[in-house]
Amino acid sequence: MALGKYSRVDGRRSTTNYCSTATLVAFVALCLVGVWMMTSSSVVPVQNSDVSTQETKDEVKQQVVESNDSDTRQFEDSSGDLTDDAKKGDGVSFTQDEKNPNPQDNPAVPEKPSENGPEEKQEKPEEKLINEEENKPEDGSTNEAENGENKSGDGEGDSKTEDANSDSGETKTDGGESIADGQGDSEGGSVEKKSELDDSEKKSEENSFETKDGDKVDGQIEEKVEQNENKDSEQNSGERKEDSEAKEQVSNEVFPSGAMSELLNETTTQNGAFLTQAAESKKEKESQQTVYSWKVCNVTAGPDYIPCLDNLQAIKSLPSTKHYEHRERHCPNEPPTCLVSLPEGYKRPIEWPTSRDKIWYYNVPHTKLAEIKGHQNWVKVSGEFLTFPGGGTQFKNGALHYIEFIEESMPDIAWGKRSRVVLDVGCGVASFGGYLFDKDVLTMSFAPKDEHEAQVQFALERGIPGISAVMGTKRLPFPAMVFDVVHCARCRVPWHIEGGKLLLELNRVLRPGGFFVWSATPVYQKLADDVAIWNAMTELMKSMCWELVVIKRDVVNRVAAAIYKKPTSNDCYEKRSQNEPPICADSEDANAAWNVPLQACMHKVPVDASKRGSQWPELWPARLDKTPYWLTSSQVGVYGRAAPEDFTADYEHWKRVVAQSYLNGIGISWSSVRNVMDMRAVYGGFAAALRDLNVWVMNVVSIDSPDTLPIIYERGLFGIYHNWCESFNTYPRSYDLLHADHIFSKTKKKCNLVAVIAEADRILRPEGKLIVRDDVETLGQVENMLRSMHWEIRMTYSKEKEGLLCAQKTMWRPKEMETIKSAIA
């Protein structure tokens, strides 16, 4: 052990014992080699020929050459193996990676030594000779290397060879022991030797990872070698600054600002014949993921199944249906995880605007409405099409004429300017809302399911907004004071009964100063029932302080419309002789709308100038991007900034994402997109960014999310409250595109994610698109489920634990069936 401990000293003392003529010649040759090594900076210990074998020589030769070459080519050979995380460490943004996804194809090798280069580390010839002697092993053996074997071949400086000797790895001796290349000590060597080795490695590591301007990359490999010229250095510094800013923006948006074609190239880059550990692990994890087995829902409603409206078991147990309780939501205890079947002969829907006039018959194969309302021009059967002449019960000669008639009767309505968001009660096939698009007006149309067979389904197939809902026992799923106009054209709602509960619900959702347009038979007919209803309505309207501003007759359609205006102050309420209907208590929240029972009371009108509802919004379209006046800097927004800043930042964010990525980069043909749903709308920024497209967006605000829906309405958009643990009030195959921004990761904490994905499949049309932005873990789960449903995954992208997925639904349906007992008659 003592000899082993002091092997370096003993090696030097024993050198003179070998001084013979042969060794003298060898020593002279060694000196010549040392002189050459001083110029080539190669320090390789000499090996005793009587101990080593030719195999060891060849092995050392190969490793020395590879070691010398490795430093000169390290930036070329390793960059192709970089993972995304490694690239992040380089401070190079995704945009930069797009420009050069494979940096090894354009290596930048410096021709001159760097500032901290070999000149500072060169040794004197005497020191090199001493080092050679010191590096001999205890037994006198040395690692011999011939002159030609030590050439680096690239003319690089001394530090390259030193780095190669210290970092090039390990070589096994004949005995199988591992020794460091360029070192004579074994693992049991002296502590002093080990310290020197550590220092050498440390210096080599510093030189390998230190950049031109002194910045160090923490354990990462740079994609480009620094340039020595000052001009290049300044340019690289500027690029790093820009890349850092771009990286921050990309991290926030989860989506690159560059062309999507480059993104796809980047995400599919291969690493030669070798898989990365990430790829291997991902493949294994995918193979271990849950295998989903889908079945078709066996239900009475068949292809038109809406789980919360077709719970026949719950409907049968209702004590009464006189308030339309059977048309309200009755969700099953467990949301279904089966897939809804397709109608036989289903085809890809006709695109807007042609779809407003005709649709494929087999997509909505119902003729009852055509038989009942054909004479009123609601819908007609024409060969393989269902056609829509644009009529309705109160406007047989076309909705457009009727719309213009209303504006002529009350010019203050000003379609598409003052009046932007409309609620159409008892909409029929929604031709009124369909033709209001020509006036730049959005209409939320609703009617009960199956009251007139498939009326809302017709509307959605035509590309017109609509939901299945009813004026029953509960509030509508909208905030207070959000609709500019409420319309009822013979909607058959008994507004005047039970203290006017139903009309008071319209009062809740109508803006102060907004209009109620009523064109039903009591307005213009003199039959006994009509006269009685008119008298009751007149009394009720007066007590509610709604002003009858005009009654005008439409000579073309032979109907008349009564237009009322909601007050903008509380003066009238205070002057009433009787408090009927009563004013709601101050503790009553007018915005509470999810499963809240109706009450026969009125909420006061806000008069404080800083309160929502006290002022009319900006005229359209100025209101779209203007911050609502009632958002103040003292309020904290959803993302943690002051509310006005939050609103603006959200809008700017979605404008960038839509313009730079969604419109051109993810393979969506927007001409085929009409009905869009934002499953997790915040301020409506996504919908606002799509303004110039021929689409409408249903903004959904989850009931457990911040209540930002009033802001969405304030900017001239519309939406609805919803609980994604339940089904949505729409027919299957309603939407062309679903946008799911971090909704699945939030929902899976409280719901069955499989059921939520099944619901997304239900409401999306075949060949419709789903855009998912979420954390990588959730994205993987969603992708696995979509693939199991035979969806086509169009694109995936991930960065910094966030990701994006775009998928397209197919026509595939399972062959097995699952009976939903609650939905069987």
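This is a predicted model: local features need pLDDT of at least 70, side-chain atom pairs count only at pLDDT 80 or more; totals for chains, interfaces and linings use all residues.
**Exercise 1. The chain as a whole**

Describe the chain by its secondary structure, its buried share, its contacts and its accessible surface.

Solution. Begin with the secondary structure, which comes to 28 helices and 21 strands. Next, turn to burial: the chain has 825 residues, and 51% of them count as buried. Then consider the contacts in the chain with a separation of 6 or more, of which 72% are made by residues 24 or more positions apart.

**Exercise 2. Positive phi angles**

What are the phi values of asparagine 595 and histidine 742, and where do these residues lie?

Solution. For asparagine 595, phi is near 60 degrees, which is a positive value in a residue other than glycine. Asparagine 595 belongs to the loop between H21 and H22. To judge its exposure, recall that under 20% relative accessible area is buried and over 50% is exposed; asparagine 595 has 44%, so this residue is partly exposed. Histidine 742, which is not a glycine either, has a positive phi of about 55 degrees, and its place is in the loop between strand E17 (735-741) and helix H26 (743-747).

**Exercise 3. Disulfides**

How many disulfides does the chain have, and what can be said of the links of cysteine 488, cysteine 545 and cysteine 725?

Solution. Recall that a disulfide is a covalent bond between the sulfur atoms of two cysteines. With sulfur atoms within 2.5 Å as the cut-off, the count comes to six disulfides. When the bonded cysteines are numbered in sequence order, they pair as 1-4, 2-3, 5-6, 7-8, 9-10, 11-12.

Consider the link between cysteine 488 and cysteine 491, in which the sulfur atoms are 1.8 Å apart. The torsion about the S-S bond of this pair is about -90 degrees, and therefore the disulfide is left-handed. Both cysteine 488 and cysteine 491 are buried.

Move on to cysteine 545 and cysteine 572, which form a disulfide with their sulfur atoms 2.1 Å apart, and whose link is left-handed, with -85 degrees about the S-S bond. Because cysteine 545 is in the loop between helix H20 (528-543) and strand E12 (547-554) while cysteine 572 is in helix H21, the pair ties together parts that are 27 residues apart in sequence. To decide on burial, apply the 20% cut-off again: cysteine 545 has a relative accessibility of 9% and therefore counts as buried, whereas cysteine 572, at 32%, counts as partly exposed.

Last, examine cysteine 725 and cysteine 751, whose sulfur atoms are 1.5 Å apart and whose link, with -55 degrees about the S-S bond, is left-handed. This pair links distant parts of the chain, 26 residues apart, since cysteine 725 lies in the loop between strand E16 (719-722) and E17, and cysteine 751 in the loop between H26 and helix H27 (753-763). Cysteine 751 has a relative accessibility of 13% and so counts as buried.

**Exercise 4. Nonpolar cores**

Which residues touch the most other members of the largest nonpolar core, and which residues does leucine 423 contact?

Solution. In soluble globular proteins, nonpolar side chains tend to be buried together. The largest nonpolar core here has 124 residues, and those that touch the most other members are Leu423, Trp495 and Phe516. H27 provides the largest share of this core, with seven residues. Now set aside the neighbours of leucine 423 within four places in sequence; its contacts then include Met444, Phe446, Leu476, Phe478 and Phe483, and also Val486, His487, Leu506 and Val509.

Technical notes: Residues are numbered from 1 along each chain as its sequence is written. Side-chain values use heavy atoms; hydrogens and water are left out. Helices (H or I, at least four residues) and strands (E, at least two) are DSSP runs, numbered from the N terminus. Buried means under 20% relative accessible area, exposed over 50%, partly exposed in between (1.4 Å probe, protein chains only). Contact means heavy atoms within 4.5 Å. A nonpolar core is a set of buried Ala, Val, Leu, Ile, Met, Phe, Trp, Tyr and Cys residues joined through side-chain atoms within 4.5 Å.
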